[in-house]
Amino acid sequence: IKLNKTPRIFKVGKNSDISISDIGDIFLKPNEQVTFVTENNNRHDFCRKSWGFYATPSINSRLENENFVSALVVNKQKRIYLMVIERTKMRDFRSYLKKEDQTIIAWLGDPYK
């Protein structure tokens with residue numbers, strides 16, 4: 001892990017009104033994993049493989065058990081994103097999509113489960 005002494009802050013979003021703080025880098029070797037944990041103690045694993053990454057746990061099992069659902073989303077520039085949403089934050093997610101003029105292409109799993 002290499003933490004930035006001073007986070008690199010940059011603006012994103014349709015109106016460049018969202019600030020992101022880049023706090024550092026995590027270097028993984030094949031078959032190493034890091035787990036991101038929310039304030040609700042929901043866990044999201046990210047695993048390095050020799051061929052790339054597992055960007056999410058199993059979408060229809062572990063991800064759901066950790067109170068997440070995922071969706072493919074597209075913006076006006078035709079950029080496609082895989083987003084992982086906490087089920088308890090669905091209202092925030094929908095507000096974000098509306099504000100940023102993004103559209104759900106497909107849910108990967110049941111968002112209403």
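**A tour from pocket to sheet**

The largest pocket has a volume of about 490 Å³. A pocket here is an open set of points on a 1 Å grid over the protein atoms alone, where a 1.4 Å probe fits, with protein on both sides within 12 Å along at least five of seven lines. The volume is the space filled by probe spheres set on the points. This is a predicted model: local features need pLDDT of at least 70, side-chain atom pairs count only at pLDDT 80 or more, and totals for chains, interfaces and linings use all residues. Residues are numbered from 1 along each chain, and side-chain values use heavy atoms, without hydrogens and water.

Select the pocket lining (an atom within 4 Å of a point): I20, T38, M83, V84, I85, E86, D92, F93 and Y96. β7 (80-86) and α2 (90-100) each give two or more residues to this lining. β7 gives the most, with 4 residues. By type, the lining holds 6 nonpolar, 1 polar and 2 charged residues.

Next, show the open sheet. Its 3 strands run in the order β7-β6-β8, with antiparallel pairing; strands are DSSP runs (E, at least two residues), and pairing takes at least two bridges. The edge strands are β7 and β8 (103-108). Neighbouring strands are turned by 30° against each other on average, direction ignored.

Zoom in on β6 (residues 68-74), which 5 bridges join to β8. Pick L72: its bridge partner in β8 is A106.

Conventions
Nonpolar A, V, L, I, M, F, W, Y, C, P; charged D, E, K, R; others polar. Axes fitted to C-alpha atoms, helices over the stretch in contact; angles between N-to-C directions.
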